[in-house]
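This briefing is for a reader who is opening this structure for the first time. Please look at the sequence and the model before reading on.

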Amino acid sequence: MHLGRQCPVSYKWEANEQPLTNPELTAKVDALYDKMSEAERVAQLHGMFVADLFDRQGRLDTLKCRTLIPNGVGHFSQYGCSQVASPDSLRNQVAAVQAWLMQHTPNGIPALFHEEVISGMAVSGATIYPQQIGLACSFNTELAEEKTQWTAKGMRQIGGFLALSPMVDVVRNPYFNRLEESYGEDAYLSAAMGTAFVKGLQNGGLERGIAACSKHFLGYGGGAESAEKELMEEILMPHEAIIRIAGSKVVMTGYHSYHGIKAVANAELQTDILRTYLGYDGIMVSDYTSINQIDTETDPLHKAAAAINAGNDVEFPRGVNYLLLPEAIEKGMVSEATFEKAVKRVLTLKARLGLLDEQPVLCDADPIVFDTPEERELSYRLATQSVVMLKNNGILPLSAPAKIALTGPNANTAWAMLGDYTYQGISLFWHRRNPDLHQPEIITLKQGLEAKLPEGSSLTYTRGCDWTEKAETTLEAGGDERAALLRSVLDRHIETGEEINPAKAIAQASASDVIIAAVGENDLLCGENRDRGSLRLPGKQEEFVRQLIATGKPVVLIVFGGRAQVISELTKGCAAVIQAWYPGEEGGNALADILYGLVSPSGKLCVSYPSVELNEPICYNYSTTQDERVEYPFGFGLSYNEYEYANLVVDKSTPTSGKAIRVKFDVSNRGWYASDEIVQLYVSPTSDKQPLKPIQLKGFGRVHLEPGQTTTVDFLLSPELFAYYDHGQWTITGGEYQIKVGASSTDIRLTDTITLTGDDRTFPLRTVYFSEMQE
């Protein structure tokens, strides 16, 4: 039996306990700091772009090095996605720069090269995995960790030591244009997936893996305006778990404000909550250009002082403001102690990563091969598990032989597979260049369907309609200031070179047995700084789908994109609906296997899927009754099988100070496919004296079942998972609680109660974050 493991109850830190300091490492950092000049110290607190140091022939320009980095530099920003380069070329660049830094700067300190990695490394040729919003729908923490282990290996090969990932904002507004980067609306799921992500990247220790960076602290994707209780219980939870369980040492703030002060200059967030409350001892970094946007200060000098005094250590992507820190120190605006802490935090991270070793291994010397068969297979598995089937009247899996008509703007394009913060997406939007969509090879839906077409079946294809006929996207206010230079991008259109012939597409559809319509957004229509103003399908796509439905032939609607789309009126006329998200390089093969019945869909929604336009927070845990504005609830997803839940056994009572509550039940596969069922464990209060949300996810797992198989699922649930935050402390209140086992947040199959006995228990900090699923 394969079970998606959770972080075990036995693996916990005591409240406010700190990791043991390493005296040898501390002494090394202290000694190095004492040898550094003020200019060298300042250099450790900002980044730059590596291209600034190379000439047009791609050679390191030592004159530029002597001019720009005579005292070294702390960081290089987005060194892979900002240029067109092979893995070996990137590695050679890094090696050349690091060698110069070590040989020609006063103390020879290597730099930290960082890159984006939410769906794999954002470098040319690297494996492209499903976007995070889809990955969350897999509910598979094991594969999420395996994915980032591969990422860490690749990053180390090309000299990368820091990933500006994962994004763990708890996003409850379906309109949010960066929803695709998140794990959705639930804190528990986001924390579990984020912790797995970081554990894989760090690979058992920073000396072997790479440093992760959780972002955006705190509430950038929503929640900064919420009450303190929700902020501490839910919005904080993913960051907290990543820091206290996985030991993450880098945190990034967002562009937003909290209590009227920008996060990057907000001491309440960075000092009070992060460092004092959580005991965090890593570094804080700014989001790109966010220090420039501190609106409570008027000039770079005061902005630099505000940021570092609040707790921010490093300025990205360049040192526009932090280069003025010596002046701020001289004028008494920043204390020597504050400055020293920031520099030593950066040096400590470098030491933990091995960069300060006597003979550091800074990159791989051998030829580098990205996108190995093993990585492609992993991308395929994640894609099959990320896809969510929302409706099926029996048309799927497709019967053979059949005449299939494929159409729609996302049917034959690699852009249906690629989300924001892929190398290709960054190249297209931020760098205004058309990337090579064969590095790596990206399988389109058409390619997948053609390659696996059953014997006797036929497939015709006409694009039918475009994504849009005119520009629909505006630049979002705020965010990365570099976007202000990209206004021309908003008028850009992704050219496919294909004929757009609606009449031909309708004629082919009318002559078919079944229609597959691939619709949705693309990277220019949604993402950071891109605001389309609607959740409906772009352009004339809705009108086109209605014409397909009017043929009378069954329509299988496949929706691509980074967020849910309002398709409620269309789904009524469709025979089946699949939410594919951005499924990565193997998305075409994964979808073909699902459509043809070689794989049963198993993904479940990590968001509440709206039926109407919404630009406000919405979440399953607001009520035990499904919101009428929601078409498909959190945790929902169809399979080709039916699963039966039975025989729930719950410990009847346990003390509030107890270790664990056992929850056992059986799951049976009543279908014909070997597949996974995602089981979900929820908790609900029974009294107003228990100030918990009406329903909250407290456990999940993937259970693999052969046809006809029954297995017993066994959870251990700590009483701490019943705790709530109130006036600076956590409390477990005694009394009766409901335990709910479901196939979704609204499809509760089994219910029982547990009584927590004894006095209320209080404690200052959570120590258990997840339930444990026994094997």
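The model is a predicted one. Its largest nonpolar core has 203 residues, and the structure holds 21 aromatic pairs. F76 belongs to both topics: it is one of the two residues with the most contacts inside that core, and its ring is stacked with the ring of F113.

**Nonpolar cores**

- In soluble globular proteins, nonpolar side chains tend to be buried together.
- The largest nonpolar core here counts 203 residues, and F76 and F665 have the most contacts inside it.
- Helix α7, which covers residues 187-202, gives the most to this core, with ten residues.
- Another core lies apart from the largest one and has 49 residues, including A122, A402, L406 and L475.
- With neighbours within four places in sequence left aside, F665 is in contact with Y645, A646, N647, L648, V679, T711, T712, V713, F715, V741 and L750.

**Helix α20**

- Helix α20 spans residues 587-595 and is mostly covered, with nine of its nine residues buried.
- These buried residues are G587, G588, N589, A590, L591, A592, D593, I594 and L595.
- After α20 comes G597, which has a positive phi, near 85°.

**N266, a buried loop residue**

- N266 sits in the loop between β8 (261-262) and α10 (267-277).
- Is N266 buried or exposed? Its relative accessible area is 2%, under the 20% cut-off, so N266 is buried.
- A polar atom of the N266 side chain lies 2.8 Å from the backbone oxygen of Y258.
- Beyond its neighbours within four places in sequence, N266 is in contact with Y258, I261 and A310.

**Aromatic pairs and a cluster**

- The total for the structure is 21 aromatic pairs.
- The rings of F76 and F113 are stacked, because their centres are 4.6 Å apart and their planes meet at 20°.
- This pair links distant parts of the chain: F76 is in strand β2 (residues 75-76) and F113 in strand β3 (residues 112-115), 37 residues apart.
- F76 is buried at 0% relative accessible area, and F113 is also buried, at 0% relative accessibility.
- The rings of Y288 and F316 have centres 6.2 Å apart and planes at 65°, so this pair is edge-to-face.
- Y288 is in the loop between β9 (283-285) and α11 (300-310), and F316 is in the loop between α11 and α12 (325-330), so the pair ties together parts that are 28 residues apart in sequence.
- One aromatic cluster is formed by F139, Y188, Y620, F634, Y682, F700, Y769 and F770.

**Charges over rings**

- R41 has its charged end over the ring of Y33, at 3.8 Å from the ring centre.
- R563 lies over the face of Y175, and the distance to the ring centre is 5.5 Å.

Terms used:
Residues numbered from 1 in each chain as written. Predicted model: local features only at pLDDT ≥ 70, side-chain atom pairs only at ≥ 80, totals over all residues. Heavy atoms only, no water. Core = buried A, V, L, I, M, F, W, Y, C linked by side-chain atoms within 4.5 Å. Buried < 20%, exposed > 50% of the residue type's maximum accessible area, 1.4 Å probe, protein only. Helix = DSSP H or I, 4+ residues; strand = E, 2+ residues; numbered from the N terminus. Contact = heavy atoms within 4.5 Å. Polar contact = N/O pair within 3.5 Å; in protein donor to acceptor, adjacent residues only side chain to side chain. Phe/Tyr/Trp six-rings, centres within 6.5 Å; stacked < 30°, edge-to-face > 60°. Lys NZ or Arg CZ within 6 Å of the ring centre and 35° of its normal.
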